[in-house]
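Reader: I would like to learn how to read a sheet and a ligand site. Where should I start?

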Amino acid sequence: MKRFKLAISSIALLAVQACTGPADGQANTSSADQTAPQAGSRAKDAARYLSQPLVSEIYTADPSAHVWGDGKLYIYPSHDIDGDAKEDDLGGHFEMRDYRILSMDSPGGKVTVHPTALDVKDVPWATQQMWAPDAAFKNGTYYLYFPAKDKQGAFRIGVATSKSPVGPFKANPAPIKGSFSIDPAVFTDTDGKSYMYFGGIWGGQLQRNVTGTYDPNGSKTDLEQPDKPALAPKVAALDGSMTEFSEKPRDVVILDEAGKPLLGKDHDRRFFEAAWMHKYNGKYYFSYSTGNTHYLVYAIGDSPYGPFTYKGRILEPVEGWTTHHSIVEWQGKWWLFYADSQLSGQTRLRNVKMTELTYNPDGTIQTINPFRK
Ligand code: FUB
């Protein structure tokens, strides 16, 4: 299957900018951006979607949401741009070059689009493709973690610091030692220890790092062993500096209901990309995207290292090939942040959204349909 799929919606009834207001926790959009694309100019049937884009001045994806000490909600997204690359199975069309951070005071309130927080030109080791980032806070410093390709074309994970949650961030001169692949997600446990979850197959290159060294000629997809355990995402504890691993990355093992690792052929459930960790009622919820089957799913464990047992879907497929999410508690409710291609109809130009997440009494998550019935 191609690295993109056809836009689901083609019936244009309402202009997004004429939509009658926020729905389901959605915010009114914010300040103008002189680098703004044509977001919002494409007439679409906004009412078909469960949630509306949080901002339309820029294209955004991969929303990592956090609530720091001031009680506001900060979103650390990818900043999609309309580049020249043709769409391919390795995500070459995701040509992002910088990060812009979003913030909101309350669900459904104004969303502020902050100025550039970090540009690839200011990252000494990185050349291109500033993909899905995440952030952490410790002892007065904010940390921005981001994947980008180095001069060999290998994805590494970098870190940049700031005294402000919205930057500007200053990048460390080299990527995190021992890091590879994409989609860092940093989880700080209640005991203060922080862990980075990361990885992605296909364009995320996890399958090209199985020997511990990047193999530029490795498989373009996965292990190509459908009946063997699927490639596992990785987890490593961060050291006290928050800028290096304190251990060699370990496999995040995801088991089926029989206690067996999910297999490579199980495309509806196996890990593809977009790791996220959150804790609910003392349990660890590892969630991720299944990529080419387009689901956001989750697995539950008793330790930040797992193993995790697959539990089900969080989100059914959105418009556009990718989605990527975060889950956070804010103002007494749990929220799912995700992205689709509502504004552009193009996979490379996405927009972030939020909607409420509901748990069942047994701790399972109610599956969300991104479209209204
Ligand atoms: O945004 C670029 C890549 O697409 C991300 O790193 C993946 O998670 C997917 O959303």
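This is a predicted model: local features need pLDDT of at least 70, side-chain atom pairs count only at pLDDT 80 or more; totals for chains, interfaces and linings use all residues.

Reader: Over how many bridges do S7 and S8 pair?

Author: S7 and S8, the latter spanning residues 141-149, are joined in the antiparallel sense over 5 bridges. To find one of them in the view, look at Ala136, whose bridge partner in S8 is Tyr143.

Reader: Now the ligand. Which residues are the closest to it?

Author: The ligand is surrounded by 11 residues, and the closest are Asp62, Met96, Asp183, His324 and Arg350. By class, the shell consists of 4 nonpolar, 2 polar and 5 charged residues.

Reader: Which distances should I check for polar side-chain atoms of His324 and Arg350?

Author: Look for oxygen atoms of the ligand. For His324, a polar side-chain atom is 2.6 Å from a ligand oxygen; for Arg350, the corresponding distance is 2.7 Å. Asp62 also belongs here: an N or O atom of the Asp62 side chain lies 2.5 Å from an oxygen atom of the ligand.

Reader: What percentage of the ligand's accessible area does the protein cover?

Author: On its own the ligand has 270 Å² of accessible area, and the protein covers 100% of that.

Technical notes:
Residues are numbered from 1 along each chain as its sequence is written. Side-chain values use heavy atoms; hydrogens and water are left out. Two strands pair if DSSP finds at least two bridges between them. Helices (H or I, at least four residues) and strands (E, at least two) are DSSP runs, numbered from the N terminus. A residue is near a molecule or strand if one of its heavy atoms lies within 4 Å of it. A polar contact is a pair of N or O atoms within 3.5 Å; within protein, one must be able to donate a hydrogen and the other to accept it, and residues adjacent in sequence count only if both atoms are side-chain atoms. Accessible areas come from the Shrake-Rupley method with a 1.4 Å probe; for residues, only the protein chains shown count as cover. Ala, Val, Leu, Ile, Met, Phe, Trp, Tyr, Cys and Pro count as nonpolar, Asp, Glu, Lys and Arg as charged, and the others, Gly among them, as polar.
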